[in-house]
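Subject: Structure handover

Hello,

Here is the structure I promised to pass on. Please open it first, then read my notes below with the model on your screen.

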Amino acid sequence: SITDRLVTQFQVVTPLAHNTKFYWRVRAVNTDNEEGNWSAVWYFRTIMDAPVLVSPDNGYDALTLRPAFDWDAPIGPGAITGYTIQISKNDTFTMLAHTGNPVTSNYTPTVDLPKNLPLFWRVQTKGANGPSAWSEVRSFNSANSPTTPAPSLPANNALNTNYTPLFKWSAVTVPVPSLFKHYRLQVDNDADFSSPVIDDTSITDRLVTQFQVVTPLAHNTKFYWRVQAVNTDDEAGNWSAVWYFRAAILPPNLPTPSDGASGVSRMPLLDWSDVSGNTGYILQVWKAGPTPTLVKSVTLATNTSQYQFLTNLLPNTAYFWKVQTKGLNGPSLWSDNFDFSTGP
């Protein structure tokens with residue numbers, strides 16, 4: 001359409017696709033329809049659309065120092081390769097407090113943001129053809145939340161044979177002007193705490209830093225636990241470090257030979273109850289006396305709940321025996337000691 005040699009430009013009217021690489025070239029044609037060579041081929045990239053912020057709303061009072069941010073992904077051609085989120089102490093973003101590079105359209109900081117300040121945030125889309133413009137800028141007020149408690153009991157990776165354990169942690173401090181509201185303790189057999197077996201907020205005294213389990217926890221199970229503090233403005237401090245402990249599998253019962261049995265065969269069959277979830281057993285037989293002597297110690301395969309002696313024990317001799325269950329989360333306590341004496 002350009003027929004004037006001195007007009008050397010063209011204005012696009014219909015918008016080009018976003019997030020796309022375009023190549024262009026130009027040549028001249030004379031009145032004899034003789035075409036000059038094409039120019040060198042240049043290319044340019046159209047910018048991606050900026051994200052649309054969803055939450056938190058402008059002026060939001062955050063209840064944690066690690067609030068969740070969410071935005072809508074831009075619609076258009078080209079793959080989105082991620083985002084950049086900036087959180088700043090001023091609206092010109094010259095005083096950055098935090099930068100994140102999520103690959104999805106949401107983000108939760110993994111470190112604390114500055115406490116009790118107005119903060120500003122914005123997001124930029126990243127794509128194969130370069131980043132978008134920044135989104136709008138929103139502001140929020142960061143929390144003035146309590147400090148983080150430190151767990152102390154049950155010890156990390158402890159093997160617990162007490163199924164109603166006592167949990168303990170350190171006391172927190174609460175910045176003024178808010179006051180302490182409660183501790184929140186969570187215990188779960190999943191590390192993501194998606195279905196806690198304990199989710200307790202009953203402790204409302206800052207200096208009471210323990211919780212006694214009343215309903216026994218499951219046996220042979222690995223439990224994760226954490227605790228946080230909440231103030232009277234419902235601002236939650238960070239969760240403590242996640243610790244875990246293992247609730248031991250149960251020991252078996254020993255039905256045969258019964259406790260105190262006499263005249264037992266010198267090649268006895270020892271039998272005990274099978275414990276669900278076992279990975280085997282350890283059997284020990286001791287010769288009784290002022291200084292008991294171990295005469296048999298054997299490790300048995302899964303679900304093998306008896307042992308047959310193939311050699312003779314001493315005649316008319318007192319013995320005792322006990323069994324321990326092996327489990328995925330560690331061994332049980334030993335069973336009770338059962339006494340028996342052999343015949344002639």
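S4 runs parallel to strand S10, which covers residues 138-141, and two bridges link them. Within this pair, Tyr60 sits opposite Phe140 of S10. Please keep in mind that this is a predicted model.

Now widen the view. S4 and S10 belong to an open sheet of five strands. Read across, the order is S4-S10-S9-S6-S7, and the pairing is mixed. Which strands stand at the edges? They are strand S4 (60-61) and strand S7 (96-100). Each has a single partner strand, so one side of each has no neighbour in the sheet.

There is another open sheet of five strands, with the order S19-S25-S24-S21-S22. Its pairing is mixed too. The edge strands here are S19 (261-264) and S22 (293-300), and each pairs on one side only. From one strand to the next, the twist averages 25°.

Next, look at the S22 end of that order. Strand S21 spans residues 278-287 and pairs with S22. The sense is antiparallel, and the pair has seven bridges. Find Lys287: Thr293 in S22 stands opposite.

Is Gln284 buried or exposed? Its relative accessibility is 13%. The cut-off for buried is under 20%, so Gln284 counts as buried. What does the side chain of Gln284 join in a polar contact? The partner is the side chain of Trp286, at 3.1 Å. Leaving aside residues up to four places away in sequence, Gln284 also touches Leu294, Lys296, Ser297, Phe320, Trp321, Lys322 and Trp334.

Last, go to the largest pocket. What is its volume? The figure is about 840 Å³. The lining is made up of 21 residues. Nearest the centre of the pocket are Ile2, Thr8, Gln9, Phe10 and Val26. Which strand gives the most to this lining? Strand S1, residues 21-24, does, with three residues.

- Begin at Tyr60 and Phe140, which stand opposite each other.
- Trace the order S4-S10-S9-S6-S7.
- Move to the order S19-S25-S24-S21-S22.
- Finish at the largest pocket, where strand S1 gives three residues to the lining.

Send me your questions when you have been through it.

Best wishes

Terms used:
Residues are numbered from 1 along each chain as its sequence is written. This is a predicted model: local features need pLDDT of at least 70, side-chain atom pairs count only at pLDDT 80 or more; totals for chains, interfaces and linings use all residues. Side-chain values use heavy atoms; hydrogens and water are left out. Two strands pair if DSSP finds at least two bridges between them. Helices (H or I, at least four residues) and strands (E, at least two) are DSSP runs, numbered from the N terminus. Axes are lines fitted to C-alpha atoms, for helices over the stretch in contact, and angles run from 0 to 180 degrees between N-to-C directions. Buried means under 20% relative accessible area, exposed over 50%, partly exposed in between (1.4 Å probe, protein chains only). A polar contact is a pair of N or O atoms within 3.5 Å; within protein, one must be able to donate a hydrogen and the other to accept it, and residues adjacent in sequence count only if both atoms are side-chain atoms. Contact means heavy atoms within 4.5 Å. On a 1 Å grid over the protein atoms alone, a cavity is a set of points where a 1.4 Å probe fits but cannot get out, and a pocket is an open set with protein on both sides within 12 Å along at least five of seven lines; lining residues have an atom within 4 Å of a point. Grid points are joined across faces, edges and corners, and a volume is the space filled by probe spheres set on the points.
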